[in-house]
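Let's take a walk through the charged side chains of this model together. Keep the structure open beside you as you read.

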Amino acid sequence: MNNKALEEVEELISVNNRLLELCVYALIRDTKIYNHELDDINKLRFFDIILHNLKDDTYTLRKKLIKAWESGK
């Protein structure tokens, strides 16, 4: 892979991660979780939940994030 293609892939990964982070914080707004600084492990867990449940509505995704948070304590 040439340098330009590699840079574009890295940029896409960066944008994707930022979008997932924004989704996480939008979904957990007005919850107990929002008042905590999420560590990298929980962020990755939440990203994974969103990525594997893209067909779910936001209410369902929010419930899954809350459940994951409560089970990970």
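**Charged side chains and their partners**

Glutamate 70 has its place in helix α3 (residues 58–71); helices here are DSSP runs of H or I with at least four residues, numbered from the N terminus. At 53% relative accessibility, this glutamate counts as exposed. The scale is simple: buried means under 20% relative accessible area, exposed means over 50%, and partly exposed is in between, with a 1.4 Å probe and protein chains only. Although glutamate 70 and isoleucine 33 are 37 residues apart in sequence, their C-alpha atoms are 9.3 Å apart in space.

A word on where these values come from. This is a predicted model, in which local features need pLDDT of at least 70 and side-chain atom pairs count only at pLDDT 80 or more, while totals for chains, interfaces and linings use all residues. Residues are numbered from 1 along each chain as its sequence is written, and side-chain values use heavy atoms, with hydrogens and water left out.

Now to the pairs. Side chains of opposite charge can pair when their charged atoms come close. Here a salt bridge is a side-chain nitrogen of Lys or Arg within 4 Å of a carboxyl oxygen of Asp or Glu, and by this rule the count comes to five.

Start in helix α1 (residues 3–28), where lysine 4 and glutamate 8 sit four residues apart and are therefore separated by about one helical turn. These two form a salt bridge, with 3.4 Å between the closest N and O atoms. Lysine 4 is exposed at 58% relative accessible area, whereas glutamate 8 is partly exposed at 44%.

Next, look at arginine 29 and aspartate 30, whose side chains meet in a salt bridge at 2.9 Å, N to O. Arginine 29 is partly exposed, with a relative accessible area of 47%, and aspartate 30 is exposed, with 63%.

Some partners join up in a group: Arg18, Glu21 and Lys43 are linked in a network of salt bridges.

Finally, visit aspartate 40 in helix α2 (residues 40–51). This aspartate is exposed, at 58% relative accessibility. From aspartate 40 to glutamate 11 there are 29 residues in sequence and 20 Å in space, C-alpha to C-alpha.

Notes:
Helices (H or I, at least four residues) and strands (E, at least two) are DSSP runs, numbered from the N terminus.
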